[in-house]
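User: Please walk me through the fold shown here, one question at a time. I would like the terms spelled out with their cut-offs as we go.

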Amino acid sequence: MLRSDFRYKGYAGKLLRVNLTAGTFRDEPLSNGLAEGYIGGAGMAARMLYDEVKPGIDPLSPENKAIFLTGPLVGTMIPTANRIGLYAKSPMTNSFFHSSAGGHFGPELKFAGYDGIIFEGKSPQPVYLFIDDGHIELRPAAHLWGMDTNRVQLALFEELGSEEIHIAAIGPAGEKLVRFACVICGCRALGRGGLGAVLGSKQLKAVAVRGQGAVEVPDMPRMKVFLDDVFARFNANPATAEILPRYGTPVLVNANNSLGLFGYKNWQDEFYTEAEGLSGDTMRKKIVKRDKSCFACPARCSKFSINGPGPYEGVRNEGPEYEDIFSLGSMCGHNDIEVVSAAERLCDDLGVDAIESGVAIAFAMECHERGLLTLKDTDGIDLRFGRADLIIPVIEKIANREGALGGLLAEGVKRASEKIGNGSERFAMHGKGLTYAGHSARGMPGFALGYATGPRGGSHHDGRPTGERSGLVPRETTEGKGEYTARINHLMILTDSMILCHLTENIWGPLDITDLVVRSLNVATGMNVTLDEARIAAERMWNIIRAFGVREGYRREHDRLPPRFMEEPIKTGPSKGMAISRQMLDDMLDQYYEFRGWDKQTGIPTAERLKALGLEDVARDMEKYR
Amino acid sequence: MKVTVKSFANIRDILGSAELALDVDAGTTIGGLFAFLTRRYGAAFDRQIRDQMSGEIVPFLVMINETVYRTTTDLGVSLAEGDAVTVMIPFDGG
């Protein structure tokens, strides 16, 4: 049941804390202060993990905690407010990480009466958690251990006697602690950062939720007026009314490739002459069968597909998305959309991040072509760009840590390159341990700064490509990009706290926190936050995440890009010659730290700025690291 | 003068081809090309480039040959005989 005495609407008003070591759980009231200062989702989790997880712990040890959280908008009818977030110290980046997924799990958790679940410790045997409205059970999961994420969901539907249950589950990769294991909710992924390995390390196979409650809002007539306004905007904007519904994210293949900003062969180039085979146009013609929506979203950007005749005939998939097409297709040097779809479905089933998997394979292909990985190292596989037939067998090896190649790549590109050595680090395409997503650093300076300074490194959701890619700001210059990137950071972290989907950022942003975002928060909660107060809250969240990273050793020298992005300009296509030189990056870093009030030498937030954000305790902590 | 319009996704669907040869008036600008296409293809084309609430063309990029232009600042740029114009699509996310 919802907690009626919580100050704000939108929230359930309580969390579930589960001690896996002891096998116990208890309800915990959500504090008003946490909601006011950190809203929900990523912001709230950052504060909780900063307070509860000691610096320096192994992310795969019982000392780490894994938090599922919704935000106050989730479960209302506000479009795109359907996401569930998962938060922990990441085994990829060794710092705070947040990953979120659309679909239905987030709203269902709210309907069951919880804003979130905190998992701590490690279970002595495999378990899963079942929340059935107010009824909570930790159940044995030995019989589910080893199952892929699709089978485990089907098994739980049968075991629990209903398909009206939403499930988040890990696959074999999470159990085997593959560093970039993910968590699958229905067909959507809590994809990045290896948070599936964190659940695996705790022997937590799944979380199953059924809820029949509701999310209360303070003033329903006011909410209806607001919804009319937002839905009208969705219906008027070309991106949300026309393009996302028809082509989804794969439209970006032709968009980015036409600009010469489409990573190809492990980012050796950014223009792929055969990209049409991977395009949204080709995908729609060949394999898309229908369009799908997440809870309360009119955009219908998800595409359900079935492969036609060929080696992967009949494979059904919700996807692939643009990022999968980039990583499992273009980065590996082939343009077979049906291989990509089958490979992405396999990644979901086995529970590995599809971006990280494709980029790891591309990295291994380049290492093999350069003679840095021998046939012995690759278990006899002649890994070469363009070998679409090898993608699926190598994913199976990675997810099962099978053989020399599987064991090597299961550690992720950063650690694999450190093991291989011999200069392979120069083309290990990661930021802070996380591989870059399918958006160009070289062709968009502000976005490159977002990658460099992003607490998640290679994520495309700390900075964003949209402003430069749409022409809202010029992409040729570094001028003003420090403030530009910082303001986008704040839009991202605030919406990740509420939680809204970034795919409709032209409605909600896309360059800064807007009045519409703040109105959505107020209409859902009754908080009556001003635009300035929302910006301060977002900056507070961003700073505590930075402070988390500082405690783990991150400084200015880690806000970098790989040599390939700085020293090897794009070779062909419309963006030929573009790169981000060290000088360009350093200039933008100075701008960024200055705008933020961070120390330019170290990148550590100043005590003055932290205190102004109400983070006096964090300011005291940071003194130890100056 | 003759120009070629290259497109993909929704705009390609409406134009009926990945590359469309057009005969437009000399001196036609990027904005003029959009007006030409709206006259020829009607509201279906207009909905792909213009916010139907504000009436404004939304921000996206256009390439003339291999030079990139912005709808936010460059609608007045003139086309020349033989130009290939790639109409990027207004897009969120990714």
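Analyst: Axes are lines fitted to C-alpha atoms, for helices over the stretch in contact, and angles run from 0 to 180 degrees between N-to-C directions. Two residues are in contact if their C-beta atoms, placed from the backbone, lie within 7 Å. Residues are numbered from 1 along each chain as its sequence is written, while chains are lettered from A and ligands numbered from 1 in the order in which they are written. This is a predicted model, where local features need pLDDT of at least 70 and side-chain atom pairs count only at pLDDT 80 or more, whereas totals for chains, interfaces and linings use all residues.

User: Thanks! How many helices and strands are there in chain A?

Analyst: Helices (H or I, at least four residues) and strands (E, at least two) are DSSP runs, numbered from the N terminus. By that count, chain A comes to 26 helices and 17 strands.

User: What percentage of the residues in chain A is buried?

Analyst: A residue is buried if 20 or more other C-beta atoms lie within 10 Å of its own, exposed if 12 or fewer, and partly exposed in between, with C-beta atoms placed from the backbone. Of the 626 residues in chain A, the buried ones make up 63%.

User: Which element gives the largest share of the side of domain 1 of chain A that touches domain 3 of chain A?

Analyst: The contact takes 34 residues from domain 1 of chain A and 27 from domain 3 of chain A. On the domain 1 side, the elements that give two or more residues are helix H1 (32-38), helix H2 (41-52) and strand E5 (96-101) of chain A. The largest share, eight residues, comes from H2(A).

User: At what angle to E3(A) does H2(A) run?

Analyst: Two strands pair if DSSP finds at least two bridges between them. E3, E4 and E5 belong to an open sheet of six strands with mixed pairing, in the order E2-E1-E6-E3-E4-E5 (chain A). H2(A) lies across strand E3 (65-69), E4 and E5 of chain A, and its angle to E3(A) is about 155°.

User: Which residue is the bridge partner of A:Gly85 in E5(A)?

Analyst: Strand E4 (residues 84-89) and E5 of chain A run antiparallel and are joined by six bridges. In their hairpin, which has six residues between the strands, A:Asn94 takes a positive phi near 60°. Within E5(A), A:Gly85 is partnered by A:Ser100.

User: Why is E5(A) largely enclosed by the rest of the structure?

Analyst: E5 is an edge strand, as is strand E2 (24-29) of chain A, and each pairs on one side only. In a regular strand the side chains alternate between the two faces of the sheet. A:Phe96, A:His98 and A:Ser100 point one way from E5(A), A:Phe97, A:Ser99 and A:Ala101 the other way, and all are buried. E5(A) is largely enclosed because its buried residues number six of six.

User: How many nonpolar, polar and charged residues are on the side of chain B that touches chain A?

Analyst: Here 28 residues of chain B are in contact with 36 residues of chain A. Elements giving two or more residues to the chain B side are helix H1 (9-15), helix H3 (43-49), strand E3 (61-64) and strand E4 (67-70) of chain B. Ala, Val, Leu, Ile, Met, Phe, Trp, Tyr, Cys and Pro count as nonpolar, Asp, Glu, Lys and Arg as charged, and the others, Gly among them, as polar. The chain B side has 14 nonpolar, eight polar and six charged residues.

User: In what order do the elements of chain B run from the N terminus on?

Analyst: Chain B has three helices and five strands. Its radius of gyration is 12 Å, close to the 12 Å from the globule rule for 94 residues, so chain B is as compact as a globular protein of that length. From the N terminus on, the order is β-α-β-α-α-β-β-β.

User: Is A:Ser162 buried or exposed?

Analyst: A:Ser162 sits in the loop between helix H4 (149-160) and strand E9 (166-169) of chain A. Leaving out residues up to four places away in sequence, A:Ser162 touches A:Phe157 and A:Arg210. With 12 other C-beta atoms within 10 Å, A:Ser162 is exposed.

Note on methods: Rg over C-alpha atoms; globule rule 2.2 N^0.38 Å.
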